[in-house]
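Visitor: Hi, could you walk me through this one? I'd like to ask things as they come up.

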Amino acid sequence: MFDFIEFGIKDIIDIVLVAMLLYYVYRLMKESRSLNVFIGIIIFVIMWLIVSQILQMKLLGSIMDKLVSVGVIGLIVIFAEDIRKFLYNVGSHQRMRTLRRFLSLGRNNASNTGVDKKMMMAVVMSCMNMSRRREGALIVIERNIPLDEIVQTGEMIDAQVNQRLIENIFFKNSPLHDGAMIISDQRIKAAGCILPVSHNLDIPKELGLRHRAAMGVSQESDALAIVVSEETGSISVAVKGEFRLRLTAEALESILDQELAR
């Protein structure tokens with residue numbers, strides 16, 4: 001006689017959570033162009049389970065056990081950036097941000113509204129002027145996830161957000177116009193910064209390196225990246241790994257207002 005396997009609500013939750021975890025890892029690997037590695041790992045794990053649990057081959061099973069234990073360390077080293085991105089995404093989730101704001105006891109909440117509006121208008125107006133002159137620009141606004149490593153790749157400025165200063169930095173003859181400007185805590189923290197470039201194959205081919213860099217930083221953090229195209233003068237925003245293209249001044253101001261208020 002066979003014993004019936006007890007199957008309850010806890011087992012259903014367990015299966016659903018594992019399925020969600022595998023799906024998230026699949027998406028992460030697909031974005032980082034490591035999908036074949038992920039498929040290879042899944043095949044190896046299935047073979048390991050069959051050999052050690054079902055067929056119970058002791059010698060081959062023990063060898064595969066050792067490979068699994070060593071392989072986990074190797075995967076952590078290989079996919080360090082992807083693991084950090086995963087932890088960033090967990091920490092930047094809306095509920096986590098709410099908890100962080102609660103633990104910070106509402107510090108700096110009193111000084112956000114007026115300065116934010118002034119900063120937004122300086123960014124919007126400078127983007128409009130650079131768009132008319134077809135001067136390329138890449139402005140990254142830091143939110144909850146720190147961009148300290150990216151800031152270190154550029155030149156420190158630490159100045160108040162000012163329309164003329166933004167336009168001067170991205171003037172064609174300026175030595176910093178090719179890099180990205182980082183705005184943090186309502187101040188221009190650095191310029192001429194180097195951003196991670198996205199390898200997403202879905203990005204339209206007509207979009208250049210600035211757009212790929214904007215997409216890259218929006219995928220690896222919760223930052224808001226604004227791009228002014230040097231070729232067409234069009235304004236785009238990359239947020240949460242998605243583009244919003246060909247924006248007007250009103251649309252850009254609306255996006256900044258909505259995203260920075262979160």
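Predicted model: local features only at pLDDT ≥ 70, side-chain atom pairs only at ≥ 80, totals over all residues.

Visitor: Noted! Which side chain does Lys 189 meet in a salt bridge?

Guide: Its partner is Asp 148, with 3.7 Å from N to O. Asp 148 is partly exposed as well, with a relative accessible area of 41%.

Visitor: How many salt bridges turn up in the whole structure?

Guide: The search finds nine. One of them joins Glu 253 to Lys 117, where the closest N and O atoms are 3.0 Å apart. Since Glu 253 lies in helix 10 and Lys 117 in helix 6, that pair ties together parts 136 residues apart in sequence.

Visitor: How exposed are Glu 253 and Lys 117?

Guide: Glu 253 is partly exposed at 23% relative accessible area, and Lys 117 is partly exposed at 39%.

Visitor: What about Arg 210, which side chain does it meet in a salt bridge?

Guide: Arg 210 meets Asp 178, at 3.9 Å from N to O. This pair links distant parts of the chain, with Arg 210 in helix 9 and Asp 178 in the loop between helix 8 and strand 3, 32 residues apart.

Visitor: Is Arg 210 buried or exposed? And Asp 178?

Guide: Arg 210 counts as buried because its relative accessibility is 16%. Asp 178 counts as exposed, at 60%. There is also a network: salt bridges that share partners join Arg 133, Glu 135 and Glu 167.

Visitor: Back to helix 9. How many of its residues are buried?

Guide: Nine of the 12, so helix 9 is mostly covered. The buried ones include His 211, Met 215, Val 217 and Gln 219.

Visitor: What span should helix 9 have, and how far apart are its ends?

Guide: At 1.5 Å a residue, the 12 residues of helix 9 (residues 209-220) should span 16 Å, and the end C-alpha atoms are 17 Å apart, which agrees.

Visitor: And Glu 220, where is that found?

Guide: Glu 220 is found in helix 9, and it is partly exposed with 35% relative accessible area. Its C-alpha atom is separated by 8.3 Å from that of Pro 196, 24 residues apart along the chain.

Visitor: Changing topic: which residues touch the most other members in the largest nonpolar core?

Guide: Ile 226 and Leu 252 do, in a core of 29 residues. Several elements give two or more residues to this core, among them strand 1 (137-141), strand 5 (224-228) and helix 10 (249-260). The largest share, eight residues, comes from helix 6.

Visitor: What does Leu 252 touch?

Guide: Leaving aside residues up to four places away in sequence, Leu 252 touches Val 124, Cys 127, Met 128, Ile 226, Ile 235, Val 237 and Leu 247. There is a second, separate core of 21 residues too, which includes Leu 138, Ala 190, Ala 225 and Val 227.

Visitor: Where is Ile 50, and how exposed is it?

Guide: Ile 50 is in helix 2, and its 36% relative accessibility makes it partly exposed.

Visitor: Last one: how many helices and strands does the chain have?

Guide: There are 10 helices and seven strands. Of the chain's 262 residues, 35% count as buried. The accessible surface comes to about 16,900 Å², and 62% of that belongs to carbon and sulfur atoms. As for contacts between residues at least 6 apart in sequence, 60% join residues at least 24 apart.

Terms used: Residues numbered from 1 in each chain as written. Heavy atoms only, no water. Helix = DSSP H or I, 4+ residues; strand = E, 2+ residues; numbered from the N terminus. Buried < 20%, exposed > 50% of the residue type's maximum accessible area, 1.4 Å probe, protein only. Core = buried A, V, L, I, M, F, W, Y, C linked by side-chain atoms within 4.5 Å. Contact = heavy atoms within 4.5 Å. Expected span 1.5 Å × (residues − 1). Salt bridge = Lys/Arg side-chain N within 4 Å of Asp/Glu carboxyl O. Areas by Shrake-Rupley, 256 points an atom, 1.4 Å probe, with all protein chains shown as cover.
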